Amino acid sequence: MAATLNETGAVTTTAPVKILLVDDQPGRLLTYRTILEPLGEELVDARSGMEALKLLMEDEYAVILLDVNMPVMDGFETATLIHQHPRFENTPIIFVTAVNLSDLDRLRGYKLGAVDYVMVPVIPEIMRTKVSVLAELYRKRRELQVLNESLATAHRELQAEKAQELERLNASLRAANAELELRNRELLAENKERTRAERRLREADQRKDEFLATLAHELRNPLAPLQNALAVRRLRAPDDHDPLLSMMERQLSLLVRMIEDLLDIARITRGKLTLRRASTILQDVIAAAVDTARPLIEEGGHTLELQLPESPVPLDADHARLAQVFANLLNNAAKYSDAKGRIELGAALEGEEVQVWIRDSGIGLTAEQMDTVFEMFHQVDTTVERSRGGLGIGLTLVQRLTEMHGGRVEVHSEGPNRGSTFRVRLPRSATTEASPPTPAPARDASSAQRRVLIVDDNHDAADTLAMMVRLLGHETRAVYDPQTVEGEVSAFGPEIVFLDVGMPGRSGYDVARALRDMHGSALVIVAVTGWGQPEDRQRTLQAGFDHHLVKPPDIQAITDICSKGLRPLAEGTPQ
């Protein structure tokens, strides 16, 4: 736990404290986590009393949220063992129970060290308040401990100083040698601390990247059946203009985009994001960006004015990534402008550069905010910002992607409530013509209907994907148990297998290898997974997969795979 001195000399601790959540039911653990995450503390899960005891031996926790009714070792027994250990005898425990306890049971709990009870169903405000108070008490105790240690150190230093003064009176040379030795020790300690700090920073950065990848995977899993279900609705009624359906599709696309932004930041930081440069036209890039940002612009009732050169402006750029730059800037202008604002997007040629500017009539920026607006996770602290939300990484991506294209981005504002102007400067391309777009592959009419097997332990994801493929005109079956895949393949005889990678008991990699050993190249095996990093794609390729689809899978990619049939799409493999 980090400790610092404030202006008054008091010691304060800023790092989050650890809270141990103990319950044998994963659903309840998720509920506790959802309720307590706004506190900003570090939440650690344990699914049994034994696991809780093991975690306590490894670390220190401010509060323990303990389920009373657990198999093998119930909450009372766990609390007894916890408080028998000298280290944890004062650790506060909040019992959680869905059973009405008698006064004797409550008395028993209090004797075991419980400080409070929470009844199920849990009232979030009550649980959050109780845990917050105990966490704050723990933090205050730690502050007092650090303060005592600081005072003790100061006292020792004072004694040492007095001793040195007395020693200087008797032997100035010896005092000088002692001072020199002290300075050497301080320098050595400082060097060691700097080395440790650098190592911790590297480890923290690596953990951050791993966390972002895991977060994206966990968020993509529940998004897959949602997107599949929306695709099913759209396939069943292609002429249905239900605004609710369109709204859900837009919001789901926004969630997917936010996940991709998080991963892009991690890839750029680690130097793993590469551009797919090709000859393209600036006007086409801007048109794609406008299409992406249009829902948010229309939602705010803003007016968008375009001022583009009449002649095509060629660029050597990654069309998708550069469109992402301008779309992020348009989204930013729409979010930070009051309703019915004015947004201007213009472009002009300046010597060897192409300048693109986006000007809005929004809340504007102070001089200090202009210096930090491109920093990762930075957000402008205003009421409008809070209402719009966001991750604080959109402008960071704008700057990094622009620099990867050899350009730079600038921001200017006259001050609060006077709007902002973002200018992107890119090098001009000597190419005069853009590469023609790759034509979409023609659908093979001779293989219009195929047998497709869906394998996923998530019933919702498997059923909705099977339903969508069935509506595309193919015969489908869904399997939820990875142990039965080989038998189902032999009985059903599919041509294509959509296979989830992360399944309990047996991974999709093992299933793919087994299918490839049994059937060789007769099967098209498609990985459907929440992991989408380059190393994940390489791993699925080595396991024998033909395609790698990131959840939620795109309906066009599924359509292409089913229509092409027996072989992968080579460089055009859906991602």
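Colleague: In this predicted model, in which helix does M247 lie?

Modeller: The model is predicted. Within it, the helix that spans residues 243-269 contains M247. That helix is α7.

Colleague: Is M247 buried, partly exposed or exposed?

Modeller: The relative accessibility of M247 is 32%. Buried means under 20% and exposed means over 50%, with partly exposed in between. M247 therefore counts as partly exposed.

Colleague: What accessible area do L244, M247 and M248 have together?

Modeller: L244, M247 and M248 form a patch on the surface, and this patch is nonpolar. Their accessible area together is about 260 Å².

Colleague: How many of the six residues of strand β18 are buried?

Modeller: In a regular strand, side chains alternate between the two faces of the sheet. In β18, V524, V526 and V528 point one way, while I525, A527 and T529 point the other way, and all are buried. Strand β18 (residues 524-529) is therefore largely enclosed by the rest of the structure, the number of buried residues being six of the six.

Colleague: Which residue of β18 is the bridge partner of D500?

Modeller: Strand β17 (residues 496-500) pairs with β18 in the parallel sense, over five bridges. Together with helix α15 (residues 508-519), β17 and β18 make a right-handed β-α-β unit. The partner of D500 in β18 is V528.

Colleague: Which residue of β19 is the bridge partner of A527?

Modeller: Strands β18 and β19 (residues 547-550) run parallel and are joined by four bridges. From β18 the chain crosses through helix α16 (residues 534-543) to β19, in a right-handed β-α-β crossover. The partner of A527 in β19 is H548.

Technical notes
Residues are numbered from 1 along each chain as its sequence is written. This is a predicted model: local features need pLDDT of at least 70, side-chain atom pairs count only at pLDDT 80 or more; totals for chains, interfaces and linings use all residues. Side-chain values use heavy atoms; hydrogens and water are left out. Buried means under 20% relative accessible area, exposed over 50%, partly exposed in between (1.4 Å probe, protein chains only). Helices (H or I, at least four residues) and strands (E, at least two) are DSSP runs, numbered from the N terminus. Two strands pair if DSSP finds at least two bridges between them. A crossover is right-handed if, with the strands pointing away from the viewer, the path from the first strand over the helix to the second runs clockwise. Patches are made of residues with over 30% relative accessible area and no salt bridge: like charges are joined within 9 Å, nonpolar side chains (Val, Leu, Ile, Met, Phe, Trp, Tyr) within 5 Å. Accessible areas come from the Shrake-Rupley method with a 1.4 Å probe; for residues, only the protein chains shown count as cover. A salt bridge is a side-chain nitrogen of Lys or Arg within 4 Å of a carboxyl oxygen of Asp or Glu.
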